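Thanks for coming. I will take a few minutes on one structure, starting with confidence and ending with the cavities.

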Amino acid sequence: MNRTLVLVNAIGLLIGISYGIHNPIVPIFAKNEIGASYAELGLIGLANFVPYMFIPVLVGVLLSKFNNASLLSIGIIINSAATILLSFSKTVPEIMALRAMTGVAHAFFWPPSESIISNTSTPQSRVKNIGRFTGFFVSGFMIGPLAGTFLLETMDVSYRMLFQIATFIMASAIIFSLQASKNGHQKYGTAFSFSSIKQIKRFPHVIAVLIYCASSFGMILTIYPAFLNDRSMSATQIEILYFVFGAARVITLALTERLARHAGMVLIASTLCVSAGLLLSFYSNSLEEFAVAMLLMGFGFSIIFPMTLELILKKTQKESSGAIIGAYETIFGIGWAAGPLAAGMISEFSGNAVPYFVFFVFGIGITALNAVRKRVIDAA
């Protein structure tokens, strides 16, 4: 593994640890300390992810013009500022504004990381390297909840102090991004082109899978912790469940290269696992039952994202890869924004367990679509 990949993977690990420490706690903090309703939790999630519907397209254009690692540094700085300010927030609108900042920051984190990896990799090693980077990020997301549990239980820190600790860990990643920026970058000098971004429309099936999975994933990140809390799970138990979720994702991502050889069958299995995890969540009341649901969803979510990106990049010219990555992440952002909003509103008016059954039904439909398109996927 070359030096640039090592640095990017280190950044992914640190950002993942920070996210893992504080992200599962944000909905609980908003609900219990600020008094947010489920509808307001949905709006907080919407505010978090709406920027990701638009900013990745801009970042995708910038990737071909500026040092990708410098853009990554911008994301880390914005993210750190948003997280530290979260520890001082007192109202739902303040949390919404800060989560919107986090959404902007994430748009300057993920696309540049994918672009650096894509430009540094051969076509044969690209899916493995993207999977490895995602694995480092998810490993951090697995370690983070354990660290959060230790801090909450052993050190008796407050939620606000937890956000401050997460900020320190996140900000330390800037050291590695600055080192990566010194390694130079590939500059194609391409002008802004809507036609290159519109290429994403050539993959309608991938878009459908991505929007469903991103919507479900957004719901699990923003609404699910509050739902678990209402099902009598403590903050510590919720952190443990997100550790289980992260562990399942890490194990799956370690097998990315092998699983990619059977893309059609794996996509069917992944959406089926997400659906099954959501259905189990609808009925669950114990830590053990929720742990099984998290294991299923951990497998399903993990493999979908590197695999769908690889299906698109395989049919994309390298000089257009930056714009395509930006467009891909924008589609992801549409799902991310829609999921929390829909789940929050459904929870508010139909009961807090209903969203998981609704998303289960949609998941079965997406699984059937994957089965119909299996031959096309395998031939890609």
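pLDDT is the predictor's confidence in each residue, on a scale from 0 to 100. We need that here because this is a predicted model. Over the protein chain the mean pLDDT is 87, and 93% of the residues reach 70 or more. The stretch to treat separately is residues 187-192, where pLDDT stays under 50. For that stretch the model has 14 contacts beyond four places in sequence.

Helix α1 covers residues 3-22, 20 residues in total. From its first C-alpha to its last it reaches 29 Å, close to the 28 Å expected at 1.5 Å a residue. Of those 20 residues, 17 are buried, so α1 is mostly covered. Its N-terminal end is capped by asparagine 2, with a side-chain oxygen 3.1 Å from the backbone nitrogen of threonine 4.

Now serine 302, in helix α17, residues 287-313. Is serine 302 buried or exposed? Its relative accessible area is 1%, which means it is buried, the cut-off being under 20%. A polar atom of its side chain lies 2.6 Å from the backbone oxygen of glycine 298. Leaving aside residues up to four places away in sequence, serine 302 touches Arg249, Thr252 and Leu253.

Last, the cavities. The structure holds two of 30 Å³ or more. The largest has about 460 Å³ of space and is lined by 33 residues. Nearest its centre are His106, Phe217, Leu221, Phe332 and Trp336. Helices that each supply at least two lining residues include α8 (126-153), α12 (204-222), α17 and α18 (321-350).

Technical notes: Residues numbered from 1 in each chain as written. Predicted model: local features only at pLDDT ≥ 70, side-chain atom pairs only at ≥ 80, totals over all residues. Heavy atoms only, no water. Helix = DSSP H or I, 4+ residues; strand = E, 2+ residues; numbered from the N terminus. Buried < 20%, exposed > 50% of the residue type's maximum accessible area, 1.4 Å probe, protein only. Polar contact = N/O pair within 3.5 Å; in protein donor to acceptor, adjacent residues only side chain to side chain. Contact = heavy atoms within 4.5 Å. Expected span 1.5 Å × (residues − 1). 1 Å grid on protein atoms, 1.4 Å probe; cavity = no way out; pocket = protein on both sides within 12 Å on 5 of 7 lines; lining within 4 Å. Points joined across faces, edges and corners; volume = space filled by probe spheres on them.
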